[in-house]
Each structure stands twice: as C-alpha cells, then as structure tokens.
Amino acid sequence: MAEGKWEVQHSSKRMDWATPKSLFAWLDAEFLFVLDAAATADNTKCGAAFISPEENALSLPVGAWARKPRIIDDKYWPSIWLNPPYGRGINRWVKRAALEAQAGATVVVLTFACTDTKWWAEAWAHADEIRFLTGRVHFKDPTGQVTTAAPKGSALLIFRPVRQEGAPVVSLVTPPRGD
C-alpha cells in the first residue's frame, strides 16, 4: 500500500489506545487473562501483569510472555491479552503471538481486520480461531476518554498451544458496547 494511503487509513499517531473495559471483560470471562502483552501503566487490563513499551515485548525471549501461568484443567495454559500498537509493525506482533502459542500460551490479539494484507494471510495460516467483531471498536485515549470509532472493522486472532489442522474456526461476534 502506498505510504499516503496507509496514513489516511491509520491516521492516528498515538500507539497507546486502550481497549474498552466492556470488550476486555467479556473476553476475560472466557480466557482468564494473566498478562497484557502490550500496555502501559495507564491502559493495562491485567493490573500489574503487563509488558510495557520500555520492556519491549518483541525483544523478550519466546516463552517469556507466559511466565505467569494459571492452572486450568490441571494443565498450565496461561492466556495472554494483546492489543498491539497498530501500524506497519503489526506483522511482528502477530508472528510473535503465534510463537508464544507454540511455547504454551493462548494468545488473543485484537487487531484491524486487514484481510487484504500479507500479515493477515500469515495470521490465517497460524490462528486457531478468528472472530470478526460487528460494529467498530471505540478505543479510549490515555485519559480514559472514549474516542470516535476505529477507522475500520476489528477482529480477534486466537492462537492456542495445540494447533488444529486446517483453516481456523471463523465466526462473527457482537461484543458488548460501552466503556
């Protein structure tokens, strides 16, 4: 995509948009997240268990994200939340999510549904599940103020430790709205 077109579609210079509480709570009830892999102290969804920009989640050794496991069904299957910085580097975050799953974590990634990109094709090849979200997510700025809707639709890419063969399970879901 030409640089100008990317900038129009992804016009925000901000990389610290927070996930709405209602969306995260809805997913946390299912996944029981133990870590927010790309957060700041102001926008983390997992309390003190987050990886800050200064820690640089992408530079940590593979498997480091899953060091705070929660026991589920007598197995260690920690679930990690990832609302990565959107932009040209999104492909690195998606690849890393897949690697963390191979290392034993379930990683749930909130991202734009960019089905026309190379990184999306890679995500499709490695994700166990893709949930397209109806409507558009209303992210919050660092002060907690709700902004206008995201410029395009979003999806959840779900990477699990035990990969099922074949195409990912695909669904359309309607998340709760609100803060």
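**Figure 1. Helix α2 against the sheet.** The buried residues of α2 pack against β1, β4, β5, β6 and β7. They are Ser22, Leu23, Phe24, Leu27 and Phe31. Buried means under 20% relative accessible area, exposed means over 50%, and partly exposed lies in between (1.4 Å probe, protein chains only). Contact means heavy atoms within 4.5 Å. Helices (H or I, at least four residues) and strands (E, at least two) are DSSP runs, numbered from the N terminus. α2 lies across β1, β4, β5, β6, β7 and β8, and runs at about 135 degrees to β1. Such angles run from 0 to 180 degrees between N-to-C directions; the axes are lines fitted to C-alpha atoms, for helices over the stretch in contact.

This is a predicted model: local features need pLDDT of at least 70, side-chain atom pairs count only at pLDDT 80 or more, and totals for chains, interfaces and linings use all residues. Residues are numbered from 1 along each chain as its sequence is written, and side-chain values use heavy atoms, with hydrogens and water left out.

**Figure 2. The whole chain.** The chain holds four helices and eight strands. From the N terminus on, they run α-α-β-β-β-β-α-β-α-β-β-β. The chain has 179 residues, and 44% of them count as buried. Take the contacts with a separation of 6 or more: 73% of them join residues 24 or more positions apart. The accessible surface is about 9,300 Å², and 54% of it belongs to carbon and sulfur atoms. Accessible areas come from the Shrake-Rupley method with a 1.4 Å probe; for residues, only the protein chains shown count as cover.

**Figure 3. The open sheet.** Six strands form an open sheet with mixed pairing, in the order β1-β4-β5-β7-β6-β8. Two strands pair if DSSP finds at least two bridges between them. β1 and β8 (169-173) stand at the edges with a single partner strand each, so one side of each has no neighbour in the sheet. On average, neighbouring strands are turned by 20 degrees against each other, direction ignored. β5 and β7 run antiparallel, joined by six bridges. Phenylalanine 112 stands opposite serine 154 in β7. α4 lies across β5, β6, β7 and β8, at about 40 degrees to β7.

**Figure 4. The largest nonpolar core.** This core has 47 residues. Trp65, Leu82, Leu157 and Phe159 have the most contacts inside it. Among the elements that give two or more residues are α2 (21-31), β4 (79-82), β5 (106-112) and β7 (154-159). α3 gives the most, with six residues. A nonpolar core is a set of buried Ala, Val, Leu, Ile, Met, Phe, Trp, Tyr and Cys residues, joined through side-chain atoms within 4.5 Å. In soluble globular proteins, nonpolar side chains tend to be buried together. Now look at leucine 82. Leaving aside neighbours within four places in sequence, leucine 82 is in contact with Ala37, Ala38, Trp65, Trp93, Ala97, Val107, Val108, Val109 and Leu110.

**Figure 5. Helix α3 and its cover.** α3 has 13 residues. From its first C-alpha to its last, α3 reaches 19 Å, close to the 18 Å expected at 1.5 Å a residue. The expected span is 1.5 Å times one less than the number of residues in the helix. The buried residues of α3 are Ile90, Trp93, Val94, Arg96, Ala97, Ala98, Glu100 and Ala101. Their cover includes β4, β5, α4 and β7. After α3 comes glycine 104, with a positive phi near 120 degrees.

**Figure 6. Two positive phi values in loops.** Most residues other than glycine have a negative phi. Leucine 32 is not a glycine, yet its phi is positive, about 55 degrees. Leucine 32 sits in the loop between α2 and β1, just after α2. With a relative accessible area of 34%, leucine 32 is partly exposed. Asparagine 56 also has a positive phi, near 55 degrees. Its loop lies between β1 and β2 (71-72). Asparagine 56 is partly exposed, with a relative accessible area of 34%.

**Figure 7. Arginine 136 in its loop.** Arginine 136 lies in the loop between β6 and β7. Its relative accessible area is 41%, so it is partly exposed. Not counting residues up to four places away in sequence, arginine 136 touches Ala149, Ala150, Pro151, Lys152, Gly153 and Arg177.
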